[in-house]
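Good morning, and thank you for joining.

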Amino acid sequence: MGIVAGLDSSSAFTRIVVCDTDTGAVLRQGYAPHPQPAGDPESTHPHETDPQAWLLSLGEAAGGGLLEGVQAIGVSAQQHGLLPLDQQGALVRPALIGNDKRGQVAAADLIEALGGRQAWAEAIGSVPHSAQPVAKLAWLARNEPEAARRVAVLMSAHDWLVWQLLGRPARRTTDRGGASGTGYWSPATGSYRPDLVELALGHMALLPEVLGPAEAAGMTPEGLLISAGTGETMAAALGLGLGPGDAVVSLGASGSVMAVHHEALSEPGGLITSLADASGMHLPVVNTSNAVRALRGTAELLGTDLEGLSELALKSTPGAHGLVLLPYLEGERTPNLPHTAGTLSGLRRDSMKPEHLARAAFEGMLCGLVDALDVLRSRGVEIRRVFLLGAAAELPAVQAAAPGLFGTQVVVPAPADYAALGAARQAAWALGVQQGTLAPHTPPVWPGPAAQVFEPGEEYPAWQAVRQQYIATREQIHPGAFQG
């Protein structure tokens, strides 16, 4: 038996879990918010930060002897972060994080410069968008040329934290999961595209060495093993214990669908973002612009909240009395309809009731996510069960409709720090390989999460009829949307 720790440095806080290496049981936990910058908060851009705040938060979360007896640490951190360093390892400017919309024009210019969306999909399995480090690089070169010229090394958030824990060694590392989100590493070939760094930045920069899933980044001065680390998405997948046949549907304001697959996938129009996972597999992702925002908008219209909307929806029946909501309230990424608006179809006198509109909102949101699932299915991804994440996954109307619309078993895991758990599992893996007790191609077997499980059931044919009604409406209003 051993003890390992997983830390997750998100956009707002650090969480640490200390786990038993054999069972995955959580022994201790720590938490601390990232300290807020001093001075006028309006002077700080929401997508820029001093990463020293991450270290301060980490130190606070690890206080009180939390890491006593720990033999190895895994690091998970927010994705889409870019830390541009000079030759001495100092930041040339604050870290660029999150979905920074300032990079939209730069992303569009990058797409054009390489020859279009298909050229990018073939090169790295995804198309640049404002959140990606490659777009942030291009924005930096365009808007802060003096800082851009000083950039000598590029790191992500988890790369930088691992480097700091190791005492800032000459060797800088990352993992394939984190590298796959940069916009200049190809999951299909497992290699960097330095030409894309040069295209964005105007010159080359040093890139971290990409470690294998079970490799260690090194040892701390205190003798702690540090595993490769990874991005939050990949860490959460490892913490949930996902494998082939599993997909995750995340219900935020927008939505995302990802699945575990044996090979890298791309799609000529860029609907699929090809990511690598933290276990040696791949995580193709399809994003939608609208998910819970469609529910919140409908709830506001009806003068209620999400719980009230769910109660209303359950007073209706599958098919919402003929109402169909295409929930494209913010345009849509899947299908690629960025400038469209939502549509409510099928209005008749007897369908104009609050409960039918509420039901149509849930069905429309879920059918939009099934569209994303079907993009993956059309590329040969087998999906046998769907993990449903997000607070809205607890709503009874979601749980009633999701199995029949997705056509699979639906798993709603109990709330937990899955990214931190995944980081701990990675640490246990690297430790086991070092000790000779685990193979480098098989992570430690930890129990799956506590969860509610829902099956399609007897109403499956009715829900598939709802799905076909949605498709027919989408094709009538946006013909060929998935062929364009």
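Over residues 247-431 the chain is 36% helix and 22% strand, with the end C-alpha atoms 28 Å apart. Helices (H or I, at least four residues) and strands (E, at least two) are DSSP runs, numbered from the N terminus. An unreviewed UniProt entry places the feature "domain: Carbohydrate kinase FGGY C-terminal" at these residues, 247-431; such annotations may be inferred rather than shown by experiment, feature names are shortened, and positions follow the numbering used here.

This is a predicted model: local features need pLDDT of at least 70, side-chain atom pairs count only at pLDDT 80 or more, and totals for chains, interfaces and linings use all residues. Residues are numbered from 1 along each chain as its sequence is written, and side-chain values use heavy atoms, leaving out hydrogens and water.

Now the sheet. Seven strands form an open sheet of mixed pairing, in the order β18-β19-β17-β16-β22-β23-β24. At its edges are β18 (272-276) and β24 (451-454), each pairing on one side only; two strands pair if DSSP finds at least two bridges between them. Strand β23 (residues 409-413) pairs with β24 in the antiparallel sense over four bridges, and V411 has V453 in β24 as its bridge partner.

Finally, L344. This residue lies in strand β21 (residues 343-345). Why does L344 count as partly exposed? Its relative accessibility is 34%, and partly exposed covers what lies between buried (under 20% relative accessible area) and exposed (over 50%), with a 1.4 Å probe and protein chains only.
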